[in-house]
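Dear colleague,

Please find the structure below, together with its sequence. My notes on selected features follow, and I would be grateful if you would read them alongside the model.

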Amino acid sequence: MQSWSAPAVPTLPGRGPALRLYDTADRQVRPVSPGPTATMYVCGITPYDATHLGHAATYLVFDLIHRLWLDAGHQVNYVQNVTDVDDPLLERAARDGVAWQRLAADQVELFGADMTALRVLPPQHYVAATEAIAEVIEVVEKLLAAGIAYVVEGEYADVYYRADATEQFGYESGFDRATMLELFAERGGDPDRAGKTDPLDALLWRGARPGEPSWPSPFGDGRPGWHVECAAIALSHIGTGLDIQGGGSDLVFPHHEFSAAHAESLTGERRFARHYVHAGMIGWDGHKMSKSRGNLVLVSKLREQGVEPAAIRLGLLAGHYRTDRFWDDATLDEAVVRLDRWRAATKLSAGPDAEDVIARLRRYLADDLDTVKALAALDGWTTDALEYGGHDAAAPALVATAVDALLGVTL
């Protein structure tokens with residue numbers, strides 16, 4: 001699948017400190033230590049509706065990581081999937097009377113347009129679930145052969161993964177069994193499916209149902225389960241020992257827990273990823289922004305209203321990425337004012353020395369993506385430039401370059 005176009009990323013002189021990020025599994029901030037090529041797998045969209053600010057906030061997190069790795073001199077192998085065949089997509093297509101393939105293609109195109117407008121760096125490998133059927137089948141075959149998966153017979157033959165297949169299952173989320181069962185039922189699981197060995201066992205392959213898309217496999221026609229899709233794509237395009245598995249905090253369990261467990265069952269490794277990184281939720285009107293609730297603020301609608309994508313980006317960066325937070329008109333208004341002030345300061349013929357503010361920008365971002373402090377540092381330089389001026393003719397352009405390279409905002 002073709003990803004969206006990549007914006008140019010300018011190069012800054014020097015290097016910042018090593019990146020440190022909060023790891024969900026370890027429950028602490030610790031160093032990220034990639035090799036020459038840093039690797040990252042981030043879960044993509046299920047394309048049945050337009051990109052909302054919750055999506056945008058999540059992908060901005062990993063865009064910052066991508067930019068910091070580039071600034072540190074790494075090559076980056078970034079993989080993102082698109083779950084272009086799944087129950088929500090099929091249900092929406094049936095409701096609207098459109099082909100599920102057409103709905104998926106249209107929403108993927110709109111998502112790409114939103115990411116382009118927000119200047120999010122694209123993944124090197126952008127892979128649809130329907131493009132990875134062979135890889136999924138191979139994974140399921142191996143899990144069946146190892147006794148880690150089993151077939152539930154009945155009207156339809158479905159393949160399930162044994163939740164107890166690895167001793168470490170549950171290490172990523174840290175949840176107890178009761179919490180797991182509750183979230184499993186809420187987030188796409190089927191704990192009440194008759195014939196399962198354990199209510200927590202996760203679907204690997206859904207046997208073909210009438211009217212649903214399906215593909216042939218040695219264990220019967222059907223389509224991939226959600227979690228195995230990501231395990232198969234990550235293993236195929238990155239392999240073992242990836243540096244970061246990421247997504248929104250609502251994916252910690254069951255999705256990321258199971259996709260990691262699937263991969264660990266195949267490879268025998270204790271950890272699928274060295275870091276598990278999750279973004280907080282964005283709310284509107286007192287609730288988490290979600291399609292099911294219908295309280296979405298869509299990036300495309302804001303753009304249609306004339307809101308500059310750079311302001312959307314700054315508004316989302318104004319809160320720490322791990323914090324659940326709300327979006328409102330005041331957030332956007334403050335972002336617009338900040339953007340205007342930064343632009344005014346970086347258009348001056350001279351300004352205060354840029355070396356210190358760029359060093360602070362790098363340091364704050366390297367410290368678990370502390371965008372709150374990073375933006376405050378730039379606000380301080382801006383105030384000094386606008387109120388007191390400066391004697392460094394190169395400073396305004398250099399600050400603008402740093403904001404572009406590290407924050408993805410053009411001034």
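Which residue of strand 9 stands opposite Arg206? In this predicted model, the residue opposite Arg206 is Arg223. Strand 8, which spans residues 202-207, and strand 9 are paired in the antiparallel sense over three bridges.

Both strands belong to an open sheet of four strands in the order 6-7-8-9, with antiparallel pairing. Its edges are formed by strand 6 (149-152) and strand 9 (222-224), each of which pairs on one side only. On average, neighbouring strands of the sheet are turned by 25° against each other, direction ignored.

Helix 7 (residues 252-267) lies across strand 7 (158-161) and strand 8, and runs at about 85° to strand 7. Pro254 has its place in this helix. The peptide bond joining Phe253 and Pro254 is cis, with an omega of about 10°.

Most residues other than glycine have a negative phi. Arg119, although not a glycine, has a positive phi of about 60°. Arg119 is located in the loop between helix 3 (100-117) and strand 5 (125-128). Its relative accessibility is 16%, so Arg119 counts as buried, the cut-off being under 20%.

Leu369 is likewise not a glycine and has a positive phi, of about 55°. The loop that holds Leu369 runs between helix 11 (355-366) and helix 12 (371-388). Leu369 counts as buried because its relative accessibility is 0%.

With kind regards

Note on methods: Residues are numbered from 1 along each chain as its sequence is written. This is a predicted model: local features need pLDDT of at least 70, side-chain atom pairs count only at pLDDT 80 or more; totals for chains, interfaces and linings use all residues. Side-chain values use heavy atoms; hydrogens and water are left out. Two strands pair if DSSP finds at least two bridges between them. Helices (H or I, at least four residues) and strands (E, at least two) are DSSP runs, numbered from the N terminus. Axes are lines fitted to C-alpha atoms, for helices over the stretch in contact, and angles run from 0 to 180 degrees between N-to-C directions. Contact means heavy atoms within 4.5 Å. Buried means under 20% relative accessible area, exposed over 50%, partly exposed in between (1.4 Å probe, protein chains only).
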